[in-house]
Amino acid sequence: MPPRRRTDPAEGRAALAVWRTDPDTAPRAAVRTAVRFTLEELADVAPGRAVEVRVPPDGAVQAVPGPRHTRGTPPNVVETDPGTWLSLATGALSWGEALASGRVAASGDRADLAAYLPLQAARARR
């Protein structure tokens, strides 16, 4: 069953376009909408509940196939800030670059999102 969307895709794409125009001055509301939209996109291209992806304070999602997490601290967690997440989601930053620079914290055997980012490329591979 596909994840339930909370963000209208048209609004999400519009917010992402606003962020792409100038990431440093994008309105906070647009950034929040873009983050939530792209997290929902990740859950769509990588359905599952093995990895919790956190982008505080804007959102979190469980994605990636594998054993489902049910209680306590998840064994596979990815956490980053909104700007880094949007850069990863759009391909402006690679997964390897983000890890090497410390812009992403990833723990657990399944916490590698390289196969799912950028999101458009992942969608095309499906």
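# Note on a predicted protein model

1. **Burial.** Of the 126 residues in the protein, 42% are buried. Buried here means under 20% relative accessible area; exposed means over 50%, and partly exposed lies in between (1.4 Å probe, protein chains only). This is a predicted model: local features need pLDDT of at least 70, side-chain atom pairs count only at pLDDT 80 or more, and totals for chains, interfaces and linings use all residues. Residues are numbered from 1 along each chain as its sequence is written, and side-chain values use heavy atoms, with hydrogens and water left out.

2. **Layout.** The protein has five helices and four strands. Starting at the N terminus, the order is α-α-β-β-β-α-α-β-α. Helices (H or I, at least four residues) and strands (E, at least two) are DSSP runs, numbered from the N terminus.

3. **Contacts and surface.** Take the contacts in the protein with a separation of 6 or more: 56% of them join residues 24 or more positions apart. A contact means heavy atoms within 4.5 Å. The accessible surface comes to about 6,900 Å², and carbon and sulfur atoms hold 51% of it. Areas come from the Shrake-Rupley method with a 1.4 Å probe; for residues, only the protein chains shown count as cover.

4. **Helix α3.** How many of the nine residues of α3 are buried? Eight are, so the helix is largely enclosed by the rest of the structure. They are Pro82, Thr84, Trp85, Leu86, Ser87, Leu88, Ala89 and Thr90. Aspartate 81 caps the N-terminal end of α3, with a side-chain oxygen 3.1 Å from the backbone nitrogen of glycine 83. After α3 comes glycine 91, with a positive phi near 90°.

5. **Tryptophan 85.** This residue lies in helix α3. Tryptophan 85 has a relative accessible area of 0%, so it counts as buried. Beyond four places away in sequence, tryptophan 85 touches Val35, Thr38, Leu39, Leu42, Val53, Val55, Thr80, Leu113 and Leu117. Alanine 34 is 51 residues from tryptophan 85 in sequence, yet the C-alpha to C-alpha distance is 9.8 Å.

6. **Threonine 80.** Threonine 80 belongs to strand β3. Its relative accessible area is 6%, so threonine 80 is buried. A polar atom of its side chain lies 2.6 Å from the backbone oxygen of arginine 103. That is a polar contact: a pair of N or O atoms within 3.5 Å; within protein, one must be able to donate a hydrogen and the other to accept it, and residues adjacent in sequence count only if both atoms are side-chain atoms. Leaving out residues up to four places away in sequence, threonine 80 touches Arg54, Val55, Pro56, Trp85, Arg103 and Val104.

7. **Asparagine 76.** Is asparagine 76 buried or exposed? At 8% relative accessibility, it counts as buried. Asparagine 76 sits in the loop between β2 and β3. Its side chain reaches the backbone oxygen of alanine 50 at 3.2 Å.

8. **Backbone points to check.** Proline 56 and proline 57 are joined by a cis peptide bond, with omega about 0°. Proline 57 is in the loop between β1 (51-55) and β2 (59-63). Another cis peptide bond joins leucine 117 and proline 118, with omega about -5°. Proline 118 is in the loop between β4 (104-107) and α5. Valine 64 is not a glycine, but its phi is positive, near 75°. Valine 64 is in the loop between β2 and β3 (77-80). At 5% relative accessibility, valine 64 is buried.

9. **Second largest pocket.** This pocket holds about 270 Å³ of space. Its lining has 13 residues; Arg13, Leu16, Phe37, Glu41 and Gln120 lie nearest its centre. Which helix gives the largest share of the lining? α1 does, with four residues. At least two residues each come from α1 (9-21), α2 (28-45), α3 (82-90) and α5 (119-125). The lining has six nonpolar, three polar and four charged residues. A pocket is an open set of points on a 1 Å grid over the protein atoms alone, where a 1.4 Å probe fits, with protein on both sides within 12 Å along at least five of seven lines; lining residues have an atom within 4 Å of a point. The volume is the space filled by probe spheres set on the points, which are joined across faces, edges and corners. Ala, Val, Leu, Ile, Met, Phe, Trp, Tyr, Cys and Pro count as nonpolar, Asp, Glu, Lys and Arg as charged, and the others, Gly among them, as polar.
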